[in-house]
2 protein chains.
Amino acid sequence: MRFSLTILGSSSALPKPDRFTTAHVLNAHERFYLIDCGEGTQIQLRRYKIRFSKIHHIFISHLHGDHFFGLFGLLSSFNLMGRKVPLNLYGPEKLKNILDAVYGNMGEKMNYSINFSPLNWQDKQLLLETEKISVYSFPLDHKIQSCGFLFKEKKQARNLIKTAKEDYDLGIKEIIQLKNGEDVKRDTGDILSYKLLTNKSFTPRSYAYVSDTRYYEPLVDHIRDVDLLYHEATYLEEMSSQAQLTGHSTSMEAARIAKMAKVKKLVIGHFSTRYKSTAPLLEEAQNIFPNTFAAADGMSFDVEKY
Amino acid sequence: MRFSLTILGSSSALPKPDRFTTAHVLNAHERFYLIDCGEGTQIQLRRYKIRFSKIHHIFISHLHGDHFFGLFGLLSSFNLMGRKVPLNLYGPEKLKNILDAVYGNMGEKMNYSINFSPLNWQDKQLLLETEKISVYSFPLDHKIQSCGFLFKEKKQARNLIKTAKEDYDLGIKEIIQLKNGEDVKRDTGDILSYKLLTNKSFTPRSYAYVSDTRYYEPLVDHIRDVDLLYHEATYLEEMSSQAQLTGHSTSMEAARIAKMAKVKKLVIGHFSTRYKSTAPLLEEAQNIFPNTFAAADGMSFDVEKY
């Protein structure tokens with residue numbers, strides 16, 4: 001039951017051969033959630049051996065090209081490869097117009113349906129709930145409307161201790177009750193204690209994706225205590241006025257948000273192409289939030305069960 | 001005065017990390033002509049160190065995504081990098097609608113103008129004429145409307161022999177006359193023979209790009225005697241019915257066209273991802289047209305002066 005993030009692209013607006021534009025993929029229990037889809041995402045998925053057929057949900061944070069220009073090729077490739085299962089797409093309302101215009105003018109008919117859900121720019125919004133995870137969007141502060149996304153594992157049922165079933169001849173209903181943290185009262189008057197017969201399952205894990213944004217404290221409430229936070233860090237602090245102007249964050253600002261939100265690990269990315277090395281960006285963040293990592297294409301971050 | 005083709009993408013519809021989708025760039029006298037623009041073309045341009053600022057003309061053969069999905073990112077990057085000089089874009093009429101819809105819905109305003117010229121699907125058409133080259137389109141036979149492109153160097157003026165200017169005290173007008181192959185009659189009655197005072201310049205060079213098409217003999221007239229022919233070769237001959245069905249050519253068919261047109265060199269590409277190696281495709285073509293090469297990303301073909 002993995003909960004693991006892979007970086008597919010870590011550059012800001014301009015891609016380079018070794019740093020594509022933004023795309024992340026979260027593996028939650030072998031379901032793959034694609035988060036933003038910069039140009040060449042389908043190539044990166046192949047490079048890092050992530051099967052297209054495992055992707056059922058794509059989340060687009062905002063309508064700057066470096067966050068969605070890979071969608072055209074990926075959706076076309078799904079089609080070409082014979083996809084029939086629906087795709088769930090979450091993004092800015094106008095993304096739907098764009099896709100309709102592109103494929104309409106091309107005369108390309110998709111052989112699978114695309115269920116489109118527009119983002120809410122005002123409030124935190126529940127986008128998706130499966131048996132395993134919940135996904136929320138929350139507003140950011142960029143030059144155009146932009147959202148972050150929060151992926152939270154659901155609380156897992158408790159684990160039955162190995163010998164309990166045999167020792168007490170437990171029925172299915174009794175097992176479910178115990179795993180849900182309820183004591184079982186038998187007709188005989190015996191009480192089976194869930195505390196004795198089950199162990200707590202692992203703590204639900206979480207990943208927050210903070211896409212393009214200025215330093216924006218209101219987002220802290222949405223990402224508090226997450227295991228893994230990605231926060232864009234386009235510039236060094238010495239470029240803070242440029243960051244403000246272009247709607248981006250500095251590495252120091254990303255770290256401050258991580259610290260305030262008491263997250264466990266921070267990954268910074270979306271680096272301006274002006275930086276030949278990410279070392280200064282990383283150092284600046286680590287001075288404030290030591291457990292920081294600099295994203296690179298192909299890098300994975302596993303959140304272990306605890 | 002180079003005349004050199006670089007392959008930026010050599011895969012058919014589905015890109016792979018080592019083979020991007022179709023894009024070629026022709027360097028004619030240090031002007032770079034981009035021919036088709038599959039996803040990731042801007043990344044390949046950077047990888048092969050071709051400066052964006054040297055591109056003034058882009059030619060799109062047809063509206064299948066693997067031939068133009070890289071355009072969105074490239075045009076946006078031009079913008080971001082401060083381009084002011086106009087871009088000339090040649091392609092299917094609906095490409096204009098697509099670009100307008102994408103950038104319109106994104107709210108992205110280009111700070112340079114895009115001069116768009118629609119392709120003609122019926123006849124050979126002169127698209128562009130500069131001092132150095134002429135570019136034509138010609139119709140192909142694909143599943144949708146598709147064009148090939150022919151790049152022809154212009155006939156160059158003759159070269160003055162080294163000592164002529166000094167020996168005969170030539171004026172500028174006289175030099176131009178001689179270089180244009182005209183004898184000069186002086187007021188003194190002397191006649192200066194262009195044959196004696198100039199040498200023939202090199203033979204104009206040519207490159208023909210045959211994009212997605214079925215085997216289509218009418219195109220032979222348009223590409224006769226070219227120095228370098230690129231012809232798509234998606235399949236091996238054993239897949240000829242599949243080629244027919246999907247509007248593509250086999251390697252053998254590409255070679256037959258090259259032979260009929262008496263071209264000097266053939267490059268095949270747009271290989272189906274089913275082929276792990278291009279060796280069988282190359283062998284099949286070479287059996288008919290020995291001077292054949294299999295395209296690979298980053299490969300360059302110089303046409304030497306002769």
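What covers the buried residues of helix α9 in chain A includes α7 (220-223), β15 (228-232), β16 (265-269), α10 (279-286) and β17 (292-294), each of them from chain A as well. I start there, and one caution goes with it: this is a predicted model.

Staying with α9(A), the helix runs over residues 251-260 and is mostly covered, with seven of its ten residues buried. The buried ones are A:S251, A:M252, A:E253, A:A254, A:A255, A:I257 and A:A258. Just past the end of α9(A), A:K262 has a positive phi, about 55 degrees.

Now the chain as a whole. Chain A has ten helices and 18 strands. Its C-alpha trace spans about 75 × 50 × 35 Å along the principal axes. Of the 306 residues in chain A, 45% are buried. If you take the contacts in chain A with a separation of 6 or more, 64% of them are between residues 24 or more positions apart.

Domain 1 is made of 3-156 + 202-302, and domain 2 is 159-199. The C-alpha centres of these two domains of chain A are 42 Å apart.

Next, the two chains together.

As for the contact itself, 29 residues come from chain A and 28 residues from chain B. On the side of chain A that touches chain B, α1 (41-47), α2 (71-80) and α3 (93-106) of chain A each supply at least two residues.

In helix α3 of chain B, residues 93-106, the buried residues are B:L95, B:I98, B:L99, B:V102 and B:M106. They sit on the same side of α3(B), because the arc they cover around the axis is only 95 degrees. A reminder on geometry: an α-helix has 3.6 residues a turn, so residues three or four places apart point the same way. What lies over the buried residues of α3(B) includes α3 of chain A, along with α2 (71-80) and β5 (87-91) of chain B. Just after α3(B) comes B:G107, with a positive phi of about 75 degrees.

Is B:H56 buried, exposed or partly exposed? B:H56 has 16 C-beta neighbours inside 10 Å, so it counts as partly exposed; the cut-off for buried is 20 or more. Apart from neighbours within four places in sequence, B:H56 is in contact with B:R31, B:V85, B:L87 and B:N88. For a distance across chain B, B:H56 and B:T163 are 38 Å apart in space, C-alpha to C-alpha, and 107 residues apart in sequence.

Key: Residues numbered from 1 in each chain as written. Chains lettered and ligands numbered in written order. Predicted model: local features only at pLDDT ≥ 70, side-chain atom pairs only at ≥ 80, totals over all residues. Helix = DSSP H or I, 4+ residues; strand = E, 2+ residues; numbered from the N terminus. Buried ≥ 20, exposed ≤ 12 C-beta atoms within 10 Å, placed from the backbone. Contact = placed C-beta atoms within 7 Å. Domains from an automatic or database assignment. Arc of directions from axis to C-beta.
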